[in-house]
Amino acid sequence: MAFDGICVAAVTEELNKTLVGGRIYKIAQPEPDELLITVKNNGNQYKLFLSADASLPLVYLTEISKVSPLTAPNFCMLLRKYLQSAKILRFYQPGMERIIRMELEHLDELGDIRQKTLVIEIMGKHSNIILLDEKEMIIDSIKHISGMVSSLREVLPGREYFIPVTAEKADPLLETAEDFKPHMKANGNLPVYKAIYMGYTGLSPMMANAFCEEAGILQQQDVESLSEQEWESLWQVFAKKMYLVKSGQFTPCIFYEDGAPAEFSAIEIKSQYEKTEPAEGISALLQAYYSKKNQIVRIRQKSGDLRRTLQSVISRTAKKYDLQCAQLKDTEKKEQYRIYGELLNTYGYNIKEGEKTLEAINYYTGEPVSIPLDTQLSPSENAKKYFEKYGKLKRTREALSELVVGTKNELEHLESIALALDIAETEADLVQIKEELMDYGYVKRKGNQKKQKNTAKPYHYLSSGGFHMYVGKNNYQNEELTFKVATGGDWWFHAKNAPGSHVIVKTEGKELDDRSFEEAAALAAFYSKVKEQDKVEVDYTLRKNVKKPAGGAPGFVVYYTNYSMIAVPKIEHLQPVKE
């Protein structure tokens with residue numbers, strides 16, 4: 001969800017409860033568009049993170065410190081001059097704008113009380129942090145915006161500050177039942193969800209969709225098609241949500257899809273996502289949500305070269321496999337050539353000079369067969385020619401059969417590495433994957449580059465029955481879990497006929513309960529290539545039944561005694577064990 005007006009309202013309320021009355025202790029500018037302000041209040045110390053980053057503008061309380069440059073930037077030095085030891089009077093959100101005003105009181109050089117305002121504008125690429133004086137004049141800003149950049153407003157020292165009006169939108173907190181329908185129709189006959197976020201300040205498309213869903217209205221339904229009953233239902237939902245905002249009844253929560261954060265909301269809304277996780281406060285939510293999102297994006301970026309290399313090798317190997325399979329299929333003609341040779345030796349005496357075919361009965365099947373002849377060759381020479389073709393195809397088939405199996409195993413190995421890249425969460429995970437690619441020659445090891453120390457750990461869950469469940473993130477971890485961590489009496493799970501993680505359940509000599517079996521199977525289904533299916537078949541067996549074939553790639557095993565069950569690849573109900 002976008003950092004919309006409702007989220008800003010929740011942040012504003014939290015900052016008012018936590019920081020008002022406190023004094024600014026430290027000001028740092030770790031990045032060109034970020035501030036980290038330390039505030040002391042009521043015997044506690046808080047860190048306020050402000051970001052005007054164009055792609056991810058944020059405001060929240062954090063416990064994380066960031067390294068600052070040795071020489072503070074000019075804007076940071078200016079803030080220290082005016083705001084060091086300043087008292088925080090209040091935080092204020094004008095209307096439902098994505099703006100927070102931090103009003104402060106400080107002493108000037110003469111000891112007189114002065115007021116300053118630090119404005120944080122959370123507006124995508126137009127985000128900014130601006131310092132104002134008592135007369136609403138700009139002292140300075142973290143980003144300078146000249147008239148050459150924006151025709152709506154200049155953000156430069158000495159200019160008067162104002163909020164640019166880019167669209168005529170109503171303040172949803174002031175909306176009435178009488179004006180609701182006219183405001184919704186003001187922009188024409190739009191889909192309902194679009195009319196909501198285009199007609200009111202600070203409401204995101206995600207929130208507009210949630211309003212429609214709770215009111216029982218189709219999101220794409222046009223406003224002109226709404227019945228009076230539907231208008232009333234939509235207004236009741238709208239008014240209820242705005243009351244929650246006005247009364248400060250915020251219930252921050254994160255919505256998860258496939259184990260990853262998908263959306264969040266500062267107020268209670270209906271959700272179709274798999275899992276809803278409440279947060280202690282809006283700052284805790286934002287920090288958890290965006291740190292997880294950033295982690296996923298960062299790992300995706302860092303794994304980019306490995307992905308491109310791997311996809312290139314997979315594509316090349318898949319083409320080789322298809323070609324070998326086609327060639328192997330062609331060798332199926334070999335028996336036909338052997339029979340041609342035998343029939344020519346049997347009936348060749350009947351062939352007259354110049355005949356191009358021999359019509360004979362295949363004594364193996366009793367069916368008639370027409371055998372093409374080379375008129376330049378005798379019947380025995382024609383027979384010899386067919387036997388030679390048979391021999392060549394037989395030798396080719398024997399060689400190809402081994403090659404096809406080898407290429408298929410190689411392709412499965414590569415696909416298992418691709419899956420490991422998909423579920424990698426840390427840089428340590430990527431190190432293990434790269435090591436495997438180098439060990440098998442897909443990535444060159446530079447010079448005397450040594451193997452890096454393995455610090456990555458498998459996933460660790462606790463079943464409902466209290467059993468520890470471990471999931472390998474890559475082939476090396478799968479190998480270690482199955483043949484070093486697990487003992488013969490532990491249970492082993494794997495998605496049937498698909499690349500996937502090994503799942504080990506430590507039994508400690510106890511009997512596994514049915515629920516734990518289901519949860520382990522769900523993990524095997526979720527951490528597999530077929531996780532997108534509604535249901536996945538999972539094989540499971542005692543670890544003692546799992547063997548490693550000689551010369552097999554890491555993580556590749558065989559087993560001949562096993563059970564199977566159908567699992568739903570959903571694990572939102574399972575909580576990872578914190579190591």
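1. Tyr-321 sits in helix H8, residues 304-330. Setting aside residues up to four places away in sequence, Tyr-321 touches Val-404, Thr-407, Lys-408 and Leu-411. Its C-alpha lies 9.3 Å from that of Gly-406, although 85 residues separate Tyr-321 and Gly-406 in sequence. Note that this is a predicted model.

2. Helices H9 and H10. H9 covers residues 334-347 and H10 covers residues 379-423. Their axes come within 8 Å and cross at roughly 155°. An angle over 145° counts as roughly antiparallel, so H9 and H10 are roughly antiparallel to each other. The crossing is left-handed. On the H9 side, the contact is made by Lys-334, Glu-335, Tyr-337, Arg-338, Tyr-340, Gly-341, Glu-342, Leu-344 and Asn-345. On the H10 side, the contributors include Pro-379, Tyr-386, Phe-387, Tyr-390, Leu-393 and Arg-397. By type, the residues of this contact divide into nine nonpolar, three polar and seven charged.

3. The six-stranded sheet. The strand order is S15-S16-S18-S17-S19-S20. The sheet is open, and its pairing is antiparallel. S15 (459-462) and S20 (563-567) stand at the edges. Each has a single partner strand, so one side of each is left without a neighbour in the sheet. On average, neighbouring strands are turned by 25° against each other, direction ignored.

4. The S19-S20 end. S19 spans residues 536-542 and pairs with S20 over five bridges, in the antiparallel sense.

5. H13 (residues 514-526) lies across S15, S16, S17, S18, S19 and S20. It runs at about 40° to S17, which is residues 491-495. S16 is residues 468-471 and S18 is residues 503-506.

6. Loops on either side of H13. Ser-528 is in the loop between H13 and S19. Is Ser-528 buried or exposed? Its relative accessibility is 1%, so Ser-528 counts as buried. Beyond its neighbours within four places in sequence, Ser-528 contacts Leu-419, Ala-495, Pro-499 and Gly-500. Glu-508 is in the loop between S18 and H13. Its relative accessibility is 64%, so Glu-508 counts as exposed. Glu-508 also has a positive phi of about 55°, although it is not a glycine.

7. The S1-S2 hairpin. S1 (residues 23-28) and S2 pair antiparallel over five bridges. Ile-27 has Ile-37 of S2 as its bridge partner. Five residues lie between the two strands of this hairpin.

8. Asn-42, between S2 and S3. Asn-42 lies in the loop that links S2 (34-41) and S3. Its phi is near 55°, a positive value in a residue other than glycine. Most residues other than glycine have a negative phi. Asn-42 is exposed, with a relative accessible area of 70%.

9. The S3-S4 hairpin. S3 (residues 44-51) and S4 run antiparallel and are joined by five bridges. Leu-48 is paired with Leu-61 of S4. Six residues lie between S3 and S4 in the hairpin.

10. Strand S4 is enclosed. How many of the residues of S4 (residues 58-62) are buried? Five of the five are, so S4 is largely enclosed by the rest of the structure. Both faces are covered. Leu-58, Tyr-60 and Thr-62 are buried on one side, and Val-59 and Leu-61 are buried on the other.

11. Helix H5 and its cover. In H5 (residues 205-215), the buried residues are Met-206, Met-207, Ala-208, Ala-210, Phe-211, Cys-212 and Ala-215. What covers them includes helices H1 (5-19), H4 (192-199) and H6 (228-246). Strands S10 (253-257) and S11 (260-265) are also part of that cover. Just after H5, Gly-216 takes a positive phi of about 75°.

Methods:
Residues are numbered from 1 along each chain as its sequence is written. This is a predicted model: local features need pLDDT of at least 70, side-chain atom pairs count only at pLDDT 80 or more; totals for chains, interfaces and linings use all residues. Side-chain values use heavy atoms; hydrogens and water are left out. Axes are lines fitted to C-alpha atoms, for helices over the stretch in contact, and angles run from 0 to 180 degrees between N-to-C directions. Helices (H or I, at least four residues) and strands (E, at least two) are DSSP runs, numbered from the N terminus. Angles under 35 degrees count as roughly parallel, over 145 as roughly antiparallel, 65 to 115 as roughly perpendicular and the rest as oblique. A crossing is left-handed if the near helix is turned anticlockwise from the far one by less than a right angle, and right-handed if clockwise. Contact means heavy atoms within 4.5 Å. Ala, Val, Leu, Ile, Met, Phe, Trp, Tyr, Cys and Pro count as nonpolar, Asp, Glu, Lys and Arg as charged, and the others, Gly among them, as polar. Two strands pair if DSSP finds at least two bridges between them. Buried means under 20% relative accessible area, exposed over 50%, partly exposed in between (1.4 Å probe, protein chains only).
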